[in-house]
Amino acid sequence: MEKYNLIANDVRKKILEGVYQPNEQLPFEKDFCRTYKVSKMTVKKALDILVTEGLIYKRRGAGTFVMDLSVEKMEKMLMDIQMMGTTAFYPDKKITSRVIDFTVVKADAEIAEKLKIKETSFVYKIHRVRLVDDKPTVIEETYMPIDLITGLKIEHVENSIYDYIENDLGLKIQSGHRTITVRRATDEEADYLSLEKGDPVAVAVQTGYLTNGAAFEYSISTHRYDEFSLEIVLTHR
């Protein structure tokens, strides 16, 4: 993922988490350059993305400010962050993958139903552990239709699959349906995540969709209890 995209993701996340408040002035571009160790052009590209999204605005001669967002806008943005994937969710950290399995298999009835494909259609089966700054954080078991996500290779699986989908294939990820439960880790999960036997884990089962409505992934993600959080906006209408 390009550096300016990572910076935009980080600033966006801080705005939605309240680190930068509505109408607050953001640091100057030169300060962002020092923080992220990049050129002024890279910072400008990152901020231009957020201007286009309506998250910030520039006031000539004064600087860049956070837009006063509506609740609806915040809800959509928070959902978008949840769909970014691990690499974009931790833009200031080193993300690596330990691939356990990467094969092509025939979809069983459950996977076919989730992906809206014919049973026995071929799908990628991806089983990997994602590490954040070398700390095992999440186990991902993912299924993707090979006819839709074409040309996926081990080097993509070792890095960011979402980056490959959007930047190489030119597809746009839009939304997902996610169910989250909490249970105790199995012995295998505890081993992969460097947990104690019986520690809790958060399990997110998700079907992801592209802008054209096609289901591009069915995944089961098992997260360390101390590295998982979910943010939502609640309103009384």
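These legends accompany close-up views of a predicted model.

**View 1. The whole protein, for orientation.** The protein has 237 residues, and 42% of them count as buried. Its secondary structure comes to nine helices and eight strands. Take the contacts with a separation of 6 or more: residues 24 or more positions apart account for 59% of them.

**View 2. The largest nonpolar core.** This core has 19 residues. Val11, Ile15, Tyr20, Leu26, Phe32 and Ile56 have the most contacts inside it. Helices H1 (3-16), H2 (29-36) and H3 (40-53) each give two or more residues to this core. H1 provides the largest share, five residues. In soluble globular proteins, nonpolar side chains tend to be buried together.

**View 3. The surroundings of Ile56.** Residues up to four places away in sequence are not counted here. Ile56 touches Ile15, Leu26, Leu47, Leu50 and Val51, among others. Its contacts also include Thr64, Phe65, Val66 and Met67.

**View 4. Where H2 meets H3.** The axes of the two helices, H2 and H3, come within 9 Å. They cross at roughly 105°, so H2 and H3 are roughly perpendicular to each other. From H2, the contact involves Glu29, Phe32 and Cys33. From H3, Lys40, Val43, Lys44 and Leu47 take part. The residues of this contact divide into four nonpolar, no polar and three charged.

Methods. Residues are numbered from 1 along each chain as its sequence is written. This is a predicted model: local features need pLDDT of at least 70, side-chain atom pairs count only at pLDDT 80 or more; totals for chains, interfaces and linings use all residues. Side-chain values use heavy atoms; hydrogens and water are left out. A nonpolar core is a set of buried Ala, Val, Leu, Ile, Met, Phe, Trp, Tyr and Cys residues joined through side-chain atoms within 4.5 Å. Buried means under 20% relative accessible area, exposed over 50%, partly exposed in between (1.4 Å probe, protein chains only). Helices (H or I, at least four residues) and strands (E, at least two) are DSSP runs, numbered from the N terminus. Contact means heavy atoms within 4.5 Å. Axes are lines fitted to C-alpha atoms, for helices over the stretch in contact, and angles run from 0 to 180 degrees between N-to-C directions. Angles under 35 degrees count as roughly parallel, over 145 as roughly antiparallel, 65 to 115 as roughly perpendicular and the rest as oblique. Ala, Val, Leu, Ile, Met, Phe, Trp, Tyr, Cys and Pro count as nonpolar, Asp, Glu, Lys and Arg as charged, and the others, Gly among them, as polar.
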